[in-house]
Amino acid sequence: MTLRLVEFLVAGNEASDLLPVRSAALLRAHGARRGFWTVLDEGPVEQCLALLLERDDGHWVAHHVPADAGRENGRTEDGEALAHHDGWVYVFGSHFGSKRGPLRPRRAFVARFREDEAVAGPLPVHVVRNRFRLHRAVNDALAAAPLTLLPPGDRVRERFIVETLARGTARAKSWVTRLAADDLPVNVEAAAFTPAGTALLGLRFPVTAAGEPVYVELAGVPEMFDDPERPGDLRALGAYALTGVTPPGALAGFRAITPTGDGGYAAVTGSIDALGKGSVLLDDHPHGGEVTSRHVRFRHDAGGGALVAGEVVAELAPFHHVEGLAELAGRCYYVTDEDHRVALWIG
């Protein structure tokens with residue numbers, strides 16, 4: 001596949017995920033014929049939303065979107081996944097931690113906004129910090145699934161689980177009741193909603209013992225916003241492993257998921273963590289960082305078996321770091337995780 005590169009500078013940060021703009025009003029306001037949302041890494045969600053726009057003359061531009069999360073301003077970080085549902089754009093935090101742990105409560109959030117409201121003025125962003133409710137639901141689903149998961153390793157468990165519990169206990173945090181000593185650290189990297197309104201969350205970690213990427217179907221995400229102070233119970237309906245898409249001997253997690261027009265899903269798979277950045281995951285699993293990205297497809301059968309057959313659409317070598325995928329009007333768009341820039345690749 002031949003790819004064309006378009007580079008942007010957006011608030012001095014790199015991008016995660018890629019979501020087509022559906023709002024005609026928003027595109028008109030920018031004189032654009034198409035566009036994509038992306039979320040920038042690390043900072044608070046209200047500071048990390050951006051548009052990548054192709055104007056009517058074919059010129060690409062980036063627009064950093066001013067936003068306001070009200071009293072939740074400054075209380076989140078590390079938005080990773082974007083998804084459309086029922087007129088809203090949802091943003092999922094990683095629910096993970098830094099490369100060497102521990103888990104960070106600021107990353108355990110879901111936010112949402114309406115695209116039309118980005119046309120003028122600061123974009124209102126609604127944030128629910130779930131205080132590890134999602135972590136608990138996903139871990140319960142993983143424990144109940146007929147999957148053999150890759151053991152996290154002693155250093156990973158110590159840095160991400162044991163240390164998080166110790167910090168929360170020392171600070172008398174109520175969320176410690178939602179963590180258990182035998183939990184797995186969960187890294188949410190991808191999301192898409194099903195027609196039934198459930199969310200498919202693609203995990204970068206954990207993966208199966210065979211190195212297969214894992215996703216979890218979650219109910220109750222929109223209901224979290226009914227009362228952000230008392231978010232309803234999240235219910236994990238199942239955990240699934242995507243087979244046939246991981247190179248032999250490698251470990252591959254999800255990096256992106258997007259619905260396709262035929263009722264299926266396209267996804268990007270890749271490394272379980274970045275090379276050369278001091279990752280504890282790669283200290284324990286050094287073969288988890290070398291795998292290059294792949295564009296794959298699969299169909300989700302609610303209530304079906306835990307092993308889901310996947311198909312490789314395209315090898316994205318030499319890229320190790322594809323963070324977002326969109327299939328639009330017969331073309332493929334990818335965004336890669338680059339230092340201090342946003343790189344959009346068009347196929």
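Strands β16 and β17 (residues 265–270) pair in the antiparallel sense over six bridges, where strands are DSSP runs of E at least two residues long, numbered from the N terminus, and two of them count as paired if DSSP finds at least two bridges between them. Within this pairing, Gly253 has Gly270 of β17 as its bridge partner. The model is a predicted one, so to speak of a local feature takes pLDDT of at least 70 and to count a side-chain atom pair takes pLDDT 80 or more, while totals for chains, interfaces and linings use all residues. Residues are numbered from 1 along each chain as its sequence is written, and side-chain values use heavy atoms, with hydrogens and water left out.

The β16–β17 pair belongs to an open sheet of eight strands with mixed pairing, in the order β12-β13-β14-β15-β19-β18-β17-β16. β12 (187–193) and β16 (253–259) sit at the edges with a single partner strand each, so one side of each has no neighbour in the sheet. From one strand to the next, the twist averages 30°. Helix α2 (residues 133–144) packs on this sheet and touches β12, β13 (199–205), β14 (214–219) and β15 (235–243); helices here are DSSP runs of H or I with at least four residues, and contact means heavy atoms within 4.5 Å. The direction of α2 makes about 120° with that of β14, with axes fitted to C-alpha atoms (for helices over the stretch in contact) and angles running from 0 to 180 degrees between N-to-C directions.

Further along the sheet, β15 and β19 (residues 307–315) run parallel and are joined by three bridges. Here Ala241 stands opposite Leu307 of β19. β19 also pairs with β18 (residues 294–298), this time in the antiparallel sense over five bridges, and His295 has Ala314 of β19 as its bridge partner.

Now for the rings. Phe, Tyr and Trp (its six-membered ring) pair if their centres lie within 6.5 Å, with planes under 30 degrees apart called stacked, over 60 edge-to-face and the rest tilted. That rule gives 15 aromatic pairs. One of them, Trp60 with Tyr333, is tilted, at 6.4 Å centre to centre and 55° between the planes. Trp60 is in strand β5 (residues 60–64) and Tyr333 in strand β21 (residues 331–338), so this pair ties together parts 273 residues apart in sequence. Both Trp60 and Tyr333 are buried, meaning under 20% relative accessible area, as against over 50% for exposed and partly exposed in between (1.4 Å probe, protein chains only). Tyr265 and Phe298 make a stacked pair, 5.6 Å centre to centre with 25° between the planes. Since Tyr265 lies in β17 and Phe298 in β18, this pair links parts 33 residues apart in sequence. Tyr265 counts as buried at 5% relative accessibility, and Phe298 does at 4%. Together with Tyr215, Tyr240 and Phe254, these two form one aromatic cluster.

As for nonpolar cores (buried Ala, Val, Leu, Ile, Met, Phe, Trp, Tyr and Cys residues joined through side-chain atoms within 4.5 Å), the largest has 42 residues, of which Trp37, Leu49, Val91, Leu123 and Val125 touch the most other members. Apart from it lies another core of 33 residues, among them Trp88, Leu142, Leu149 and Val188.
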